[in-house]
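Subject: Structure for you to look at

Hello,

Here is the structure I said I would pass on. Please open it first, then read my notes on the salt bridges below.

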Amino acid sequence: MAGIKKSTEAFRVDPAATAAFSALRSALPNLRPLDEDARALKAVVVGGGTGAPVSIRTLLSLGVQTSAVVAMADDGGSTGVLREEADVTPPGDIRKCLVAFAKDPADPLVRALKYRFAVARDHALGNLLLAALEDATGSFPEAIATCEKLVDAQGHVYPSTLDHVVLSAQTQDGRILDGQAVACHSKTALAQVWLSAEDGRPPRPYEPALQAIREADLIVLGPGSLFTSIIPNLLIPGVVEAIRASRGRVLFVCALADVQGETWGLTAREHFEALAAHGMEGLIDYMLVHSKVPLRAESPATGSFAAISGAELEHASTSDLNDDQLIKGVRPISISYADMLAIQSRGPIVISRNLVDAEQPTWHSPFALRDAFQNVIKLSRARRS
């Protein structure tokens with residue numbers, strides 16, 4: 001028994017918003033599939049390691065040919081240690097997307113890649129493997145390709161750049177923050193972010209990532225951390241231009257709630273405006289938002305959740321919050337009818353759905369998200385024809 005306890009303390013598995021997708025996987029035989037033409041579509045997910053896997057697993061469940069373009073600004077946790085001490089390309093977000101692409105998520109090797117070791121400074125095995133393979137092969141893309149074979153990946157993962165980049169941010173109250181890990185835990189919402197290579201020059205794009213975007217029929221931004229996972233990809237020279245050159249429709253999947261400081265208190269409209277300010281003005285075709293009630297003129301002011309102040313959150317217990325409010329320390333992202341109209345006046349079609357997972361209120365319901373993606377694909381095909 002002592003041996004079992006010691007093992008439990010030594011290893012832990014990264015929590016993931018895709019955990020609920022096991023239920024979707026078992027239900028797939030009974031779900032309405034896409035037709036052959038829709039399954040021939042190519043989709044690319046643009047984001048980072050927390051939210052991008054959610055869209056990856058959703059698209060794979062629909063049978064869509066899927067790839068991912070992943071931000072390379074991560075400098076926290078195990079990845080941060082490896083960047084600082086071994087000068088490797090950031091592996092963490094790549095590893096999370098590779099796991100999402102695995103043909104069998106329950107395979108022991110796939111599960112092991114998510115293991116973190118308390119006995120080794122909380123490093124994730126997948127991060128160490130990618131770092132070692134980069135050194136062994138002399139190439140980060142080769143390291144990724146090797147891991148894709150190991151997990152029998154059902155799509156490709158592309159870093160948006162191979163340069164070692166640093167993310168900087170300006171908060172809404174004017175402070176300058178350096179580093180992705182610092183920026184995402186800002187005490188006030190961010191207003192702007194920018195990237196530079198470690199030698200100070202603009203980062204260079206990874207051409208296969210640009211090619212994947214140009215060839216996509218559907219480009220999905222998010223969900224995930226807006227300023228530190230999604231937008232960093234857009235800051236790589238050539239990425240926005242590739243989106244503009246693509247024939248594909250662009251879907252922005254807005255996050256459900258603020259769990260970090262970078263977007264604390266921002267509405268769904270302000271999320272859209274941040275994307276527009278970072279190069280995406282006129283390029284977003286659809287925006288998917290959570291709303292528990294229909295967005296109509298007579299709907300509640302926030303559409304989905306009752307608004308509560310930071311002070312109320314600080315002193316509330318879970319039992320104090322009603323069904324329209326999330327757990328302590330998490331602020332829901334609000335959407336109003338007026339905000340929906342304002343967003344749509346700038347081009348996107350706003351699609352509002354009840355997207356929350358009943359058991360994990362900060363995670364998307366895989367069934368609701370799959371249904372929403374399926375409707376976006378149908379809409380995009382109808383608009384193209």
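Is arginine 269 buried, partly exposed or exposed? Keep in mind that this is a predicted model. The relative accessibility of arginine 269 is 31%, so this residue counts as partly exposed. Its salt-bridge partner is aspartate 339, with 3.4 Å between the closest N and O atoms. The two sit in distant parts of the chain, 70 residues apart: arginine 269 in helix α14 and aspartate 339 in helix α16 (residues 337–344). Aspartate 339 is buried, at a relative accessible area of 14%.

Helix α14 also holds glutamate 273, which is paired with arginine 346 from the loop between α16 and β15 (349–353), 73 residues away. Through shared partners, salt bridges join Arg269, Glu273, Glu281, Asp339 and Arg346 into one network.

Next, look at aspartate 285 and arginine 249. They form a salt bridge whose closest N and O atoms are 3.5 Å apart. Aspartate 285 lies in the loop between α14 (268–280) and β13 (286–290), while arginine 249 belongs to strand β11 (residues 249–253), so the bridge ties together parts that are 36 residues apart in sequence. Aspartate 285 has a relative accessible area of 14% and is buried; arginine 249, at 19%, is buried too.

In total, the structure has 12 salt bridges, and the ones described here are among them.

Regards

Key
Residues are numbered from 1 along each chain as its sequence is written. This is a predicted model: local features need pLDDT of at least 70, side-chain atom pairs count only at pLDDT 80 or more; totals for chains, interfaces and linings use all residues. Side-chain values use heavy atoms; hydrogens and water are left out. A salt bridge is a side-chain nitrogen of Lys or Arg within 4 Å of a carboxyl oxygen of Asp or Glu. Helices (H or I, at least four residues) and strands (E, at least two) are DSSP runs, numbered from the N terminus. Buried means under 20% relative accessible area, exposed over 50%, partly exposed in between (1.4 Å probe, protein chains only).
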